[in-house]
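Thank you all for coming.

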Amino acid sequence: MDVRLFDEAFGALPEVLRKSEPVCSIILGSGWNRAVADLNPVAEVLYSDIPNFGGATVIGHSGKLLLAEVPESGAHVLAFCGRRHYYEGVCWESVVMPVVLSMRLGIKDILATNAAGSANPDFKPGDVVVIEDHLNLFCSNPLTGCHNPEFGPRFPDQSRVYSVELCGLIERAAERVSVALHRGVYAFSGGPAYETPAEIRAYRSLGADVVGMSTVPEAIVANACGIRFAALSFVSNMASGMGDERLSGEDVIACAEAHSGKMAALILEFLRSLPFCRIVRK
Ligand code: HPA
């Protein structure tokens with residue numbers, strides 16, 4: 001990865017953000033944006049004002065970076081409202097920008113969220129899944145290229161990409177706000193076309209529970225850099241061939257928005273439960 005692209009992006013952040021000490025980052029994918037409505041905004045910057053990140057081009061992604069205070073705890077968090085995707089044809093640096101900007105701010109924990117199709121007949125639209133592992137079978141990886149030790153070892157271990165501790169915190173938060181959770185394996189499908197039924201049968205036979213077009217690149221880089229990473233999928237549809245309906249981006253967003261209240265409640269409860277070691281100095 002080209003570090004100069006990250007340097008430029010970080011340098012363009014407003015000073016209040018560059019000097020902030022957020023305790024964690026959240027990356028909000030399709031339908032998860034309502035989570036920030038419960039936070040007290042401190043500062044905001046549009047992705048289009050961050051060089052090499054650019055404007056989010058996808059429906060359901062508002063394209064702004066928010067520094068916000070978690071009510072009652074006083075801790076600050078960084079909320080990336082929307083993300084860039086591999087299928088947008090942008091460079092890997094743009095896709096993993098939230099992870100690297102978080103790292104530059106000394107953030108140790110990241111929670112990413114997405115909408116996904118279910119390849120598991122027991123996981124239905126409206127369900128939420130804690131990702132415990134992933135399949136990255138389309139053979140591309142953001143760490144491809146010259147090795148840069150800033151992003152971890154040349155050959156990062158991937159036996160624990162998703163933090164067991166953060167997954168535990170999420171599960172306990174979900175219990176407190178009465179949100180049922182599954183645990184599952186996420187298959188990264190490059191998109192932008194949805195999968196064929198044959199591809200979904202293949203993913204399923206390989207152990208996938210949900211399928212989506214994001215999150216895995218961020219997970220790979222965060223893991224390599226030693227950042228604790230967790231991810232949640234909102235099941236917006238049965239994957240191709242698992243039901244009768246045809247898939248559309250509009251239906252995915254509509255389903256996610258219909259359930260956004262519980263997703264927001266879960267995120268807020270998780271943020272409240274983080275053991276804050278970087279309480280903001282007042
Ligand atoms: N496949 C890939 N990505 C998705 C899906 C799906 O079925 N639903 C939401 N994002």
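A residue counts as near a molecule or strand if one of its heavy atoms lies within 4 Å of it. This is a predicted model, in which local features need pLDDT of at least 70 and side-chain atom pairs count only at pLDDT 80 or more, while totals for chains, interfaces and linings use all residues. Residues are numbered from 1 along each chain as its sequence is written, and side-chain values use heavy atoms, with hydrogens and water left out.

Which residues surround the ligand? Among them are Ala115, Ala116, Gly117, Tyr194, Glu195, Met213, Asn237 and Val252. Sorted by class, the shell holds seven nonpolar, four polar and one charged residues, where Ala, Val, Leu, Ile, Met, Phe, Trp, Tyr, Cys and Pro count as nonpolar, Asp, Glu, Lys and Arg as charged, and the others, Gly among them, as polar.

Turning to individual atoms, a nitrogen atom of the ligand lies 2.8 Å from an N or O atom in the Glu195 side chain, and a ligand nitrogen is 2.7 Å from an N or O atom in the side chain of Asn237. Taken alone, the ligand exposes 260 Å², of which the protein buries 95%, with areas from the Shrake-Rupley method and a 1.4 Å probe, and, for residues, only the protein chains shown counting as cover.

How values were computed:
Polar contact = N/O pair within 3.5 Å; in protein donor to acceptor, adjacent residues only side chain to side chain.
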